[in-house]
Amino acid sequence: MTEVNQVRVKHDKMGYQVSEAYKSLRTNLQFCGEDKKVIAVTSCTPNEGKSSVSMQLSISLAESGKKVLLIDADLRKSVLVGRTVVSQKGIMGLTHYLSGQCSIQDTICQTNVKNFHLIYSGPFPPNPAELLGGTKFKTTIEALRKVYDYIVIDTPPLGSVIDAAIVADICDGSIMVIESGLISYRFAQEVKGQLEKSNSPILGVILNKVDVQKHSHGQYYGKYYGEYGKNQESK
């Protein structure tokens, strides 16, 4: 497979607790089993942080030595371009490929993070659900899973449009991202019920944007392990 597109990932400054949270998420995903390779990530509403979780989870998996592909399948409101630096012009995206305008090789971008590749969504199409539910997308995922250890697919919020359930149907599992204090229990259950209608199991729910200052439990462990690491280094 030829890789010609080069992009750079913008690294967000993460605190100790956030960094540890992504390592825990990576570990929990790996404990789900070797057959859980293609993962759909969705949320209930926009701006709950699903794209950030998709990006950081992909990077964390790549940093552990796994070969990872992040696919931006939020064809209606993509934000992935803003999380990267693209100096090369004319890079094709997923909608270009699914509409027959290029090959899948033309869409894959190599990042500055070792083992981490990504595919942008491309321009907004008139028929996103039809493109994602078509045979071409399904057969492409089946081919890519033979190349990558993990494929993370960022999908639109399921509480807004049905695209995430369509994508989850061809994945090995799905993850829901919920913003703390924003989504009601009833709404979250409705979205969960919709996601359960797909053929892939829900691997877990991520409570995002938690105010850790209000949770002494998190402060305790952050402090404890931080000091523990320093003690080990000084020996």
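Asn47 sits in the loop that joins strand 3 (38-43) to helix 2. Helices (H or I, at least four residues) and strands (E, at least two) are DSSP runs, numbered from the N terminus. The model is predicted, with local features requiring pLDDT of at least 70 and side-chain atom pairs pLDDT 80 or more, while totals for chains, interfaces and linings use all residues. Residues are numbered from 1 along each chain as its sequence is written, and side-chain values use heavy atoms, without hydrogens or water.

Asn47 is not a glycine, yet its phi is positive, at about 70 degrees. Its relative accessible area is 59%, so Asn47 counts as exposed. The classes are buried (under 20% relative accessible area), exposed (over 50%) and partly exposed (in between), with a 1.4 Å probe and protein chains only. Contact means heavy atoms within 4.5 Å. With neighbours within four places in sequence set aside, Asn47 is in contact with Lys77, Glu179 and Lys209.

Asn115 is placed in the loop between strand 6 (108-110) and strand 7 (116-119). Its relative accessible area is 26%, so Asn115 is partly exposed.

Cavities and pockets were found on a 1 Å grid over the protein atoms alone. A cavity is a set of points where a 1.4 Å probe fits but cannot get out. A pocket is an open set with protein on both sides within 12 Å along at least five of seven lines. Lining residues have an atom within 4 Å of a point. Grid points are joined across faces, edges and corners, and a volume is the space filled by probe spheres set on the points.

The second largest pocket has a volume of about 290 Å³. Its lining comprises 18 residues, and Pro46, Asn47, Lys50, Asp74 and Lys77 lie nearest the centre. Helix 2 (residues 50-63) gives the most to this lining, with three residues. By class, five lining residues are nonpolar, seven polar and six charged. Here Ala, Val, Leu, Ile, Met, Phe, Trp, Tyr, Cys and Pro count as nonpolar, Asp, Glu, Lys and Arg as charged, and the others, Gly among them, as polar.

One cavity of 30 Å³ or more was counted. The largest cavity has a volume of about 40 Å³. Lys10, Asp12, Ser52, Met55, Gln56 and Arg83 form its lining. That lining divides into one nonpolar, two polar and three charged residues.

The interior was examined next. In soluble globular proteins, nonpolar side chains tend to be buried together. A nonpolar core is a set of buried Ala, Val, Leu, Ile, Met, Phe, Trp, Tyr and Cys residues joined through side-chain atoms within 4.5 Å. The largest nonpolar core has 35 residues, and Ile71, Leu94, Phe137, Ile151 and Ile153 touch the most other members. Helix 6 (residues 163-168) gives the most to this core, with four residues. A second, separate core of 27 residues includes Val9, Leu25, Val68 and Tyr120.

Ile71 lies in strand 4 (residues 68-72). Its relative accessible area is 1%, so Ile71 is buried. Apart from residues up to four places away in sequence, Ile71 touches Leu94, Ile119, Ile141, Leu144, Ile151, Val152, Ile153 and Asp154. Ile71 and Val152 are 81 residues apart in sequence, but their C-alpha atoms are 6.2 Å apart in space. Leu94 has contacts beyond four places in sequence that include Ile71, Ile119, Tyr120, Leu132 and Phe137.

Lys37 is found in the loop between helix 1 (16-31) and strand 3. Its relative accessibility is 22%, so Lys37 counts as partly exposed. Neighbours within four places in sequence aside, Lys37 is in contact with Arg145, Tyr148, Asp149, Tyr150, Ile151 and Asp172. The C-alpha atoms of Lys37 and Ile151 are separated by 6.1 Å, with the two residues 114 apart along the chain.

Over the whole chain, eight helices and ten strands are present. Of the 235 residues, 45% count as buried. Among contacts with a separation of 6 or more, residues 24 or more positions apart account for 83%.
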